[in-house]
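Take them in order and check each one as you go.

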Amino acid sequence: MATLLVRNATVLVTMDGARREIAGGGLFARDGMIVEVGPSGSLPASADEVLDLSGHVVLPGLVNAHHHLDQTLTRALPAAQNVNLFRWLAAHYRLWAARTPEASRTATLVGLAELALSGCTTCFDHAYVFRNGCTVDDQIGAAREIGMRFMVSRGSMSLGQSRGGLPPDDCVEEEDAILNDSARVIARYHDASPGALLQIALAPCSPFSVTPELMRQSAALAREKGVRLHTHLAETIDEERFTLAHFGKRPVAYMEELGWLGKDVWFAHAVHVNAHEISCFAGAGVGVCHCPSSNMRLASGIAPVMAYRRAGVKVGIGVDGSASNDGNNLLAEARQAMLLARLQISLRPPEGPDTALSTADPSRDGEWMTARQALELATLGGASVLGRSDIGALAPRMCADFFALRLDDVAFAGGLSDPVAAALFCTPGRAAFTYVHGRPVVAHGEVVTIDQPAVVAEHNTHAARIAALSGGA
């Protein structure tokens, strides 16, 4: 079995139960799983591969808990630059439906490469538009090609415009076909074992693009097969108006009616919720994926992340689709989450806290999201919402997923009094190394598992064809 020794890190951040940060730290892994973590002098002296990370901070691999990798094909689309979610979706649906399996492969490779360069080692992808022979198998093949730990949904849309939904009828699928393919994908690909590199979830897209029947049947199938459930929820006021008009309930109450509040469920966004709904999430064990950049870009609002944490709700971080973020940098997203939470405490209700006290008041110190709390959201938090107990920390019996940042980078100059906090406060740069299951995906700041320039060139060809379909406006 292959062994890996990492040693001499300036500081190694474990995110273990004691939240140890080990000066001169390292780890020893065998066959992709960590055996020992500690000061370098306490570790074995040799291994099949030895990685000296002097002058680096080493952190657990980041976990991206919500993404749409195919959207990397439609970044910065002119028709969708200055609109909110519903108008943004209307500008994109048919473009996403026009992609091919070849385009989907390059979009997945480009998105995962950019994520790996930001220290991300695990990505959940919410795929839900399938036309032109595209299947979720396209994303799975690309993830295997680049070597990332991957969780992917067999997502779905079934409620077209003619039946009161938002997507065009030619972008949705028949529900029997959705459920049959969902069962196929689970049977073929889902791996429930510790250290699994590939898992499947079921993810009907949203309350305004699938029927109540499909939501219920997807939940029943997922629970029969032992996979997790995911959807967008409470992202915008428009969505809230939709569920009130069509179902007579706010989004969270609608999910409860459908049997979608449970420990096997996590929701993307969950911006527009009240105190009672936060309590419902906590009581049911529901998880939330916070997507700060997407929420800001589309003017959706600010999710109450610190309120979730105080209530005991599981919270992770997601880059979200590359057409509502236009980037795939999860370390930058963790930084954005920290900064947005700080902005929120200065706002008036309902967006901010109900207090007249200045943010300078010491009694409010606990409201400030710290750099280490943001890092926790991006590691252990993401692992928790994906239902994984083997990623998110560097400790024995955990996966050997980690990344390293060079501390002599210009971005950290002057910030070395606390290099761990500097990783969040300072402008995030490229990871020097990113390892997944003990194998390098990024080495010396470059992706080493694919021919990145060739993939980018092919990807841009596919993207240009798709962008031309929008009329360039």
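Q: With which handedness does α2 pass α14?
A: This is a predicted model, where local features need pLDDT of at least 70, side-chain atom pairs count only at pLDDT 80 or more, and totals for chains, interfaces and linings use all residues. Residues are numbered from 1 along each chain as its sequence is written, and side-chain values use heavy atoms, with hydrogens and water left out. Helices (DSSP runs of H or I, at least four residues) and strands (E, at least two) are numbered from the N terminus. A crossing is left-handed if the near helix is turned anticlockwise from the far one by less than a right angle, right-handed if clockwise, and for α2 and α14 it comes out left-handed.

Q: At roughly what angle do the axes of α2 and α14 cross?
A: Axes are lines fitted to C-alpha atoms, for helices over the stretch in contact, with angles from 0 to 180 degrees between N-to-C directions. Helix α2 spans residues 101-117 and α14 residues 452-468, and their axes come within 9 Å, crossing at roughly 130°.

Q: What does that make α2 relative to α14?
A: Under 35 degrees counts as roughly parallel, over 145 as roughly antiparallel, 65 to 115 as roughly perpendicular, and the rest as oblique. So α2 is, relative to α14, oblique.

Q: Which residues of α14 does α2 meet?
A: Contact means heavy atoms within 4.5 Å. On the α2 side, the residues include Glu 102, Arg 105, Leu 109 and Leu 117. Their partners in α14 are Gln 452, Val 455, Val 456, Glu 458, His 459 and His 462.

Q: Why is the pair of Tyr 93 and Trp 96 called edge-to-face?
A: Rings of Phe, Tyr and Trp (its six-membered ring) pair if their centres lie within 6.5 Å; planes under 30 degrees apart are stacked, over 60 edge-to-face, the rest tilted. Tyr 93 and Trp 96 sit three residues apart in helix α1. Their ring centres are 6.3 Å apart, and the pair is edge-to-face because the planes stand at 90°.

Q: Is Trp 96 buried or exposed?
A: Buried means under 20% relative accessible area, exposed over 50%, partly exposed in between (1.4 Å probe, protein chains only). Tyr 93, at 2%, counts as buried. Trp 96 has 5% relative accessibility, so Trp 96 is buried.

Q: Which residues does Ala 378 contact, leaving aside neighbours within four places in sequence?
A: Ala 378 belongs to helix α12, residues 371-385. With a relative accessible area of 0%, Ala 378 is buried. Its contacts are Leu 62, Val 63, Ile 317 and Ala 334.
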